[in-house]
Each structure stands twice: as structure tokens, then as C-alpha cells.
Amino acid sequence: MINKQLAKLILNEGLSTGADFSELYFEETYTHSINFDNGIVESIGSNNSTGVGIRLLKNNRSVYGYTNEIDKENLLKLVKKLRSAFSSKRKIKCKDFKDKKVTNINENDESYFLTPINKRIEILDKLTKIIKKESKLINRTVCAFAGDKKSIEIFNSEGLHIKDKKEHTRLIIQAFSVKGDKHEMALNVPGTTGSMNYFTKKINLEKIAKDVAKDAVEALNAKDCPSGKMPVVIGNGVGGVLFHEACGHSLEACAVSKNLSTFTPNRLNTKIASSLVTAYDDGTIKGRWGTNNIDDEGNKTTRNCLIKNGILKNYMVDRFYGRRMKRDANGSCRRQSYKFEPTTRMSNTYIDNGKSTPEEIIKSTKLGLYAKRLGGGSVNPITGQFEFSCSTAYIIRNGKICERVKGATLIGTGEEILKNIDMVGNDLDMDTGYCGSASGWVPVATGQPTLRVKEITVGGSGGKIQ
Amino acid sequence: MNAKTFFLKLKKKKINDAEYRCITSSAFSLEVFKGELNNYTTHTTSLITVDAIIDGKLVMSTTENLSNESIDKLIEDLIETSKYTHKKGALIYKKKSKYEQYEHFNNKLGTYPIKKKIDTIFEIEKRLKKADKRFTEIQVGYDEKEVSHEYQNTSGIKTTNKYNYYVFSAEIVIKENDETKVHNEMFINNDFAKFNIDEFVKEATKHALKKLHPVQLKSKKYNVIFAPEVTAELLSSYVSQLNAELVLKNSSWFKNKLNKNVASPLVTIFESPLKHTIDFVNSDDQGVPTQNIDLIKNGKLKTYLHNLETAKAFKVQSNGHASLTGSKIGIGAHAALFLKPGKLRRRDFFNKIKNGIYINHLEGLHAGMNAQNGNFSLKCEGMILENGKITKPLDMMTISDNLFNIFKNVKDISKNVEYIKSDVFAPCIYLNNVSISF
């Protein structure tokens, strides 16, 4: 931790050449992982990381530096280097710090880090056995725990002083299958910012492990996915990654403020999506993977309604890019670690429940694709163009889920998808992931109910859909 | 913390085999947007990774806490961790070896004043703005990095590697009527004098404008030429599957294919980590000397990528591919990976193929390919090849194929080799009957 006297000295030094804001971010992180590969503990790893990031702002300019040598001499050296980017006279002095208290959203009991290592290994062993029991075609399993606990402390020249602690625990459940020359893999990665109770009491790990095994085996017999434009039903939970990539990034102030987004401010309060779409970025959901008490510039996280019944209502905004947009920060500023300057990022981003049941959505689709689980993908926020691979997909024929297909990719633009959503289910669920962008990899949850897009371009090598 | 103190403290606990790695890096980056230097970032950090072999098990920890007081806690953690680790057979490199030496750190790079670098990015922005009115947003950046690696083990092996480089980058948004396109241009080197602003702006402008007015074709199978940057991406993914650990775990397509034909006879893939270039690396993460080797020769698989442990399992010598991956010593391919070029220059190569699709960008290969079986279906960008000439750009197309089949089905390779940012040197490759959908 940094003492207040030193923090004030550093912040004031930073302001001495005309910066209008200075901020000091301290972070101490400990990570621990156990990799259980094919029934043995292959490796256990730990990592200690401690460092400080200093940010100076002057109008629309930002200067950022970081170091893991956090004595007075080094911090002064760093801030002097940073302030040399500006060359005017001091405008302000750092105010006296007022301690701001954090309200804890998550449970603190039964922490991953307080659970004995042998108990964690027992869970991994149990899951491995469940997967292997499911089929002889499973030739390898990887089950792993990865946890991190982080203490942060933020001081800024407006007198803010705030401390917070956060934890993330993730469980990787992976099955590899083989049949002749065919190799497939399936995985599920539940995660929480809450306690180990999430894994032992709230979710059904046994079912998840069995489903992963079934998925890997079923994939061995999948046919090549047909290509072309077709209706696509996207499964709940992980399907939300499409909204995250194809629309969410275009609603971040870092893109919007520079006119590098399709959803520029002149489109606020206009229709950008089907009336069935209401979407949120909500960093306040207890235990969720993207939840935080405060963001990485010390603001309380919020439940931010981005789209209401198809109308664009708001953006995710941080302090720096908020200046260009003349909007206040709304608790959406994040970073992977002190090694990254913070910027606007998503937290738990989801499309809210609609009224249809998932069964109704499938039943009303004559011929199309059911993208049950999406894998990775990418998007260009400027054009909104995206591509996503489907890790589990089926063809829907006459309202029924039929053959499994492989190699399916969804291609389109965010806006086109948003406007073409014609059915939204009532089974909202969320999944975990890491989002990589300007301020590094941050944990995010993506979510949605089952929904249907009336037409998406599907890539695949199976010819035309019949 | 230093290696000597760490090793001595371990010895007192009767732990005799251990490794110490320290990576120190310093960097700064600049970004210009709308005539303002809107971002400047700088840092200096050190990261220490230590491991020890306790009862034949490798246990590892990474720390940024550089104080000597932290060593005792770290050693306690390593001993505790060893109680729960099952995997045995960890090895440490003990052979006194000769390491190729080459000074590829450019001392001059840091001596150029920052002002010159700032002035250069302002100048790039100014010239790009002037180059075409359809360039509506331009973001120009400069990154400079200096990294030093130190490796030591308890058997007296000590290696160091130090390198630096800089990157100029420009992101250009091109707008015409309702059409919006984005182009990214990049230049990497470690000799500042080699940066040619005229050429950079000219290339960026040329490539950016080529993206306008795309057309779409019918979905079907086409003759396809992969541009060097696409070949390089595919090559990196392909070679990563030669990881001997994946082979041992039945998770590599290359299992049981050693000395068998795995690719077209035209395909020869080799690594040259000892070539005297910016990518020079003389040892791996276990202190084993690297070597220039053929991985696939005329289509035949010659070797897997090994660290000490996998080499022992295959009863061969390690070929220096140990790489720190997470909390273990895994395996990684080197920089300076090459696909041997063919005989025809680019123009003659295109003339020979005449008609098809030239693919110059693949979107999201890292996430969109199934590493288990090589299948992928990805959004890509490209141009139409008509009568040996590149004509119109193509939009919103998807390529569906299989990584391993691609290298099996290579019909021709061009002579032009381009150095790609991921340290891979690749020419164009030509295939027929590739599924493209629009």
C-alpha cells in the first residue's frame, strides 16, 4: 500500500507542469492455478505482482506510466518523466484526501484461496472421472482451477482515496475426443467473483462435466456446416458474446468519442435495434464474472441501460474519453492490471429477457441454424463487422433440432443483427470470458436469452443449406 | 533477489536443481489523434520466474516482488506446492554448451530524441490527412521496447539475450458515401534510420484506398492465392501443432507422422533462430542452445518441437524449444520461421494462375480455428485476380478449409518472401478448390 503523504507528493509533482488531473493506482495481485491434466496434477503455479500506475490528464491528452519499483525515489522519477510531456504552469494542487468506503457486492466467505489445495484437487479429480466415464472416445481431459485476488488503492488529485479487494475464480472443464483421424474438443468454463459456494452449491458441476464430454463425442460425427444466408437461433448464455463483440464495443466511449463507432452520439435516442431488444451493461450483479464494487478509477459500478426497446439510450463512459464526449464517467473504466492505462470497458453485458420460450423459437423456425454455443470471434467497432465461430451448432428442420454441424461461422454487422432479431426468449443466462482490448484482458460476463435473428450470413464448407 | 542468493537458500533446504529467469523491460508509446499527442505511456518493470526440482517434480513461481526478503516465502511456497504436484521426470540442462553470439540490440535506437519520434508521427498524420479526403479519421502511434532476458541454473548454465525494436502504426478510417473501411499499416524494425516516411505513407494510402467499392461473387470453390501475411499466420498455427507435448498427449494431428509425408512436396518449413537478424535467439527457456533446423522438408515431417522432457520421452536431443507457458515449461516455436520460396516472381506467379481470389487478410484465426482438427471457417478480405492482375476488392466473404489440408494441397509457391510482423517469413501460396462463401 502507498502512504497518503507519498501519494500527495507524487500527485502534486504530476500537476506541476499544467496537468489538470493526476491519479495514482496501486495494485497487489496474487494468482494461483492448478492444472489437472488427464488425471494428474501436472502443474501448480503462483504469481505475485505489485506495481503502481500514474496517470496525468490535460484536456484531451493523457500520459501514463507504470513501474513495479515502488519506493519514493522511483515513483518521483516516473512522475517527473511523465510531467515532462506538458510544459505549462501549474493550474491546480492536489486536494486533501477523503477516504471513500466501498460497499461489498460479493460474499467473502469460502474464498478459493482459503480452500485447502487438496480440496480443490478433489473437485478436479471428480470432474475428470465423470468426463472419462462418459465415453471411451474421450482420450484426454483437462480440469483446472485459476484464481486471482487483487487489492487496489486509488488516489486522485480531486481528493479521492479508495481501497478495494476483489477475487476471481474460474474452473476449466475440457474434454478431448478422438475417433480414427478425427479429433475434437469441448469445454465449459464457469467462473465467479464470489465464493467457492458458487461451484459447490449454486451450479451443477456434474451435469456440466457430463455435457462437456457428450459435446466432445457428438462433435466427432458432425457434418460440415452449410453456408449462405439463413435464420439463426442463438443459444442463451454464451450466445451473448455476439452482442458483446458486435455491439458492446461500439458503445464504449473510447470508440464513440473518436468517431470510431457506428453508434455515434447523434444516434442517441434513435432506433438502432429491433423493439424486442433491451440491453444492459451491469457491473453490480452479485457473484458475476464481470462484477466489481468500483471501477479502476474509483467510481461505483452501475447498471447501465444501453438499449431500451430498440432505442439507443446510453454509452459506457470513462473519465478521459468522457471529456471528449462531455459526459460523466459511469463506472465503466477498467484495466487488466497496473500495466495498463484504464479505459472504457464492459462488465456483465447482456440482452434482457423477452417473452418467447426457447421451444417456441425453435418450433417456429422452418430451416436454419441453431448456434447453441459460440466460440471465439472478432469485431471491427468502426464498421461493426464481426465474425464468430460456433463451437456447437445444429441444423433446424421443420421446427426441430436435427443434425450436428461443424465449422459454422456467423458473419455480419452489429447493427444488421440488432435490427434483425425477431424473437427473444425468456431464459436469460450468462457466461464467463476475457475481453481483450486497449487496457488488456479483463474478465467479463456475456449473456442473453435464446433469440432468433431472421437472417445471418453463415460460413461453412457444406454447400448450400437444403 | 538474485540467482545466487536463491540457489544458496535452496541448497540449505537440500534442493540442488533450480532455474532462475529475469525479464526486464522498458518501453514507451506515443499516439497522435486529430493533431494532438493524445497519449504517452512509459514503463520499466522486472519479472522473475524461478523453479526448482523437488522429488523429480518441477514447481514454479513468478514474482514482481524483487526484495531479498521475499525469497524465503517463495521457497516455502515451492516446497508446499511440490507436495501436491504429481508429474515427475523434470529435468535441468547440465551440458556445457557453446552459444552463438550476435549483438542484435541496437544501441542507437534509444539515442534518437523523443522529439524526433513525436515529430515523425505528427508528420505521418499530416501527410495521411493530405493524401486523400476520404481518410476521415487517422490515428498514428509509435511504440519502442527494450527487453533483456537472463537465465541461470544450478548447473552453471547462464545465458542472456537483449533486444529492442520500434513500431510505427497508423489506423485509417476511409469513408465514401455510406461505405466505411478501415486500414492498419505497420512498420517494425530496430534501426530508426530505416524508417522511410514517404514509403510508409505511400503504402498506407495505396492499401487503404484499395479497400473501397468492394464487390461480392458467387459462393463456390475458387482458385486461391494466400498473400504472404496470410501464409505467415497459417504457418504459425501449423507449426504450433508440432509441439511434442501435444503429440505425447494425443492432442496433435501430427502424432505418428514423423518421417511421413504430411504436406505437399513443395513445402519446406525451417527455423533460423541463429540467423543474424532482429529475431536472433541463442537459447531456449531451459538454457538449451537453439539451432537452425528443418521442420518439414519437401513435405516430409522431420522433427517435433522439443524441450528436455519431451526429448527424453522420444529418445532424442532437445532442439531448444522450451518455452515458459503459464506455470510450466511448455514448448513454443521460434521467431524466424520460414516457408521456403518457389521460383516465380509475384507478377509471373499471378500470370501463371490467371484467375482466382487473392486473400490478404484473415479475421480471428487464433479463436476461429479448431486446433484439434484444423478446421476453420473465417471472415477474410481479398481481391479478385483476373487475367493475372489484381482488380476489385471483395467484401464480407468467408473461407472454409482445414489447416492441415491447406499445406497438403499447396500447388505452387511464389518467390517473393515478405517479413511479417509475427517474425515469420513467407511467400504467397496457391491452392485450388477452396470454399469461399459470400
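Two strands pair if DSSP finds at least two bridges between them. Helices (H or I, at least four residues) and strands (E, at least two) are DSSP runs, numbered from the N terminus. The views below show a predicted model, in which local features need pLDDT of at least 70, side-chain atom pairs count only at pLDDT 80 or more, and totals for chains, interfaces and linings use all residues. Residues are numbered from 1 along each chain as its sequence is written, chains are lettered from A and ligands numbered from 1 in the order in which they are written, and side-chain values use heavy atoms, with hydrogens and water left out.

**View 1. An open sheet of six strands in chain A.** Strand β11 (residues 279–282) and strand β12 (residues 303–308) of chain A run antiparallel and are joined by four bridges. D281(A) has N304(A), in β12(A), as its bridge partner. The order of strands across the whole sheet is β13-β12-β11-β16-β23-β22, with mixed pairing. At the edges stand β13 (311–312) and β22 (429–437) of chain A; each has a single partner strand, so one side of each has no neighbour in the sheet. Strands of a sheet pair through backbone hydrogen bonds, either parallel or antiparallel.

**View 2. The second largest pocket, with about 1,100 Å³ of space.** Pockets and cavities are found on a 1 Å grid over the protein atoms alone: a cavity is a set of points where a 1.4 Å probe fits but cannot get out, a pocket is an open set with protein on both sides within 12 Å along at least five of seven lines, and lining residues have an atom within 4 Å of a point. Grid points are joined across faces, edges and corners, and a volume is the space filled by probe spheres set on the points. The second largest pocket is lined by 47 residues, and N188(A), I208(A), R373(A), D429(A) and D431(A) are the closest to its centre. Elements of chain A that give two or more residues to this lining include β7 (182–188), α5 (205–218), β17 (367–379) and β22. The most comes from α5(A), with seven residues. By class, the lining has 17 nonpolar, 15 polar and 15 charged residues (Ala, Val, Leu, Ile, Met, Phe, Trp, Tyr, Cys and Pro count as nonpolar, Asp, Glu, Lys and Arg as charged, and the others, Gly among them, as polar).

**View 3. Two cavities of 30 Å³ or more.** The largest cavity holds about 70 Å³ of space. Of its 14 lining residues, D281(A), G283(A), T301(A), G331(A) and S347(A) lie nearest its centre. This lining has no nonpolar, 11 polar and three charged residues. The second largest cavity holds about 50 Å³ of space. Its lining residues include I234(A), L242(A), F243(A) and Q448(A). Here the lining has nine nonpolar, one polar and no charged residues.

**View 4. Helices α1 and α2 of chain A.** The axes of α1 (residues 4–15) and α2 (residues 72–83) of chain A come within 8 Å and cross at roughly 20° (axes are lines fitted to C-alpha atoms, for helices over the stretch in contact, and angles run from 0 to 180 degrees between N-to-C directions). α1(A) and α2(A) are therefore roughly parallel to each other (angles under 35 degrees count as roughly parallel, over 145 as roughly antiparallel, 65 to 115 as roughly perpendicular and the rest as oblique). Their crossing is right-handed (a crossing is left-handed if the near helix is turned anticlockwise from the far one by less than a right angle, and right-handed if clockwise).

**View 5. Helices α1 and α2 of chain B.** In chain B, α1 (residues 3–12) and α2 (residues 70–84) pack at an angle of about 50°, with axes 11 Å apart. This makes α1(B) oblique to α2(B). The crossing of α1(B) and α2(B) is right-handed.
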